Amino acid sequence: CIPHSWNSAITAAASAHVASLLPDPTLMPGVDVPMMEYDTTENLLLSELLTQPLPFRDGGIVVPEVPGLGVDIDMAFVKKYRVDR
């Protein structure tokens, strides 16, 4: 099982939490940590949505250990790009 994460840093944070909870039988052969597909295309919802980017170490996301998803949304970014109907 390899969760896929597309569209936003919030989705990436949620997918990282899911991947961190997968049981050992779901690991890929020869890989000792859960894997997750991560979108690397240019996307402001990945690069600018959070006040602090998701931390990476040794090629993987470090799963935040604070309550919730462990991320803070940059409300100035949201305000800049929101569309009022």
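A residue counts as exposed when its relative accessible area is over 50%, and as buried when that area is under 20%. Pro53, at 64%, is therefore exposed. The model described here is predicted. This briefing covers its nonpolar core, a nonpolar surface patch, selected residues in loops and helices, the aromatic pairs and the salt bridge.

**Nonpolar core**

- The largest nonpolar core consists of nine residues: Ala9, Ala12, Ala13, Ala16, Ala19, Met36, Leu50, Leu54 and Ile61.
- Helix 1, spanning residues 9-20, is the greatest contributor to this core, supplying five residues.
- In soluble globular proteins, nonpolar side chains tend to be buried together.
- One of the core residues, Ala13, touches Leu54, Leu69 and Val71 when residues up to four places away in sequence are not counted.

**Ser15 in helix 1**

- Ser15 also belongs to helix 1.
- With a relative accessible area of 9%, Ser15 falls under the 20% limit and is therefore buried.
- Once neighbours within four places in sequence are set aside, the contacts of Ser15 are Pro3, His4, Ser5 and Met36.
- Met36 is also one of the residues of the largest nonpolar core.

**Nonpolar surface patch and Leu69**

- On the surface, a nonpolar patch is formed by Ile10, Leu69, Ile73, Met75 and Val78.
- Together, the residues of this patch have about 370 Å² of accessible area.
- Leu69 is located in the loop that runs between strand 4 (60-61) and helix 3 (75-81).
- The relative accessible area of Leu69 is 31%, so this residue is classed as partly exposed.
- Leu69 is also among the residues that Ala13 touches.

**Pro53 and its loop**

- Pro53 occupies the loop between helix 2 (44-47) and strand 3 (56-57).
- Between Pro53 and Asn43, the C-alpha to C-alpha distance is 13 Å, with a sequence separation of ten residues.

**Aromatic pairs**

- Two aromatic pairs are found in a search of the whole structure.
- Tyr38 and Phe56 make an edge-to-face pair, with 5.2 Å from centre to centre and 75° between the planes.
- This pair links distant parts of the chain, since Tyr38 is in strand 2 (residues 37-38) and Phe56 is in strand 3, 18 residues apart.
- Tyr38 is partly exposed because its relative accessibility is 27%.
- Phe56 is likewise classed as partly exposed, at 45% relative accessibility.
- Phe77 and Tyr81 form a tilted pair, for which the centre-to-centre distance is 4.9 Å and the angle between the planes is 50°.
- Phe77 and Tyr81 are separated by about one helical turn, because they are four residues apart in helix 3.
- Phe77 is buried, at a relative accessible area of 10%, whereas Tyr81 is partly exposed, at 43%.

**Salt bridge**

- A search of the whole structure finds one salt bridge.
- The side chains of Arg82 and Asp84 meet in a salt bridge, with an N to O distance of 3.4 Å.
- Asp84 has a relative accessibility of 60%, so this residue counts as exposed.

Terms used
Residues are numbered from 1 along each chain as its sequence is written. This is a predicted model: local features need pLDDT of at least 70, side-chain atom pairs count only at pLDDT 80 or more; totals for chains, interfaces and linings use all residues. Side-chain values use heavy atoms; hydrogens and water are left out. A nonpolar core is a set of buried Ala, Val, Leu, Ile, Met, Phe, Trp, Tyr and Cys residues joined through side-chain atoms within 4.5 Å. Buried means under 20% relative accessible area, exposed over 50%, partly exposed in between (1.4 Å probe, protein chains only). Helices (H or I, at least four residues) and strands (E, at least two) are DSSP runs, numbered from the N terminus. Contact means heavy atoms within 4.5 Å. Patches are made of residues with over 30% relative accessible area and no salt bridge: like charges are joined within 9 Å, nonpolar side chains (Val, Leu, Ile, Met, Phe, Trp, Tyr) within 5 Å. Accessible areas come from the Shrake-Rupley method with a 1.4 Å probe; for residues, only the protein chains shown count as cover. A salt bridge is a side-chain nitrogen of Lys or Arg within 4 Å of a carboxyl oxygen of Asp or Glu. Rings of Phe, Tyr and Trp (its six-membered ring) pair if their centres lie within 6.5 Å; planes under 30 degrees apart count as stacked, over 60 as edge-to-face and the rest as tilted.
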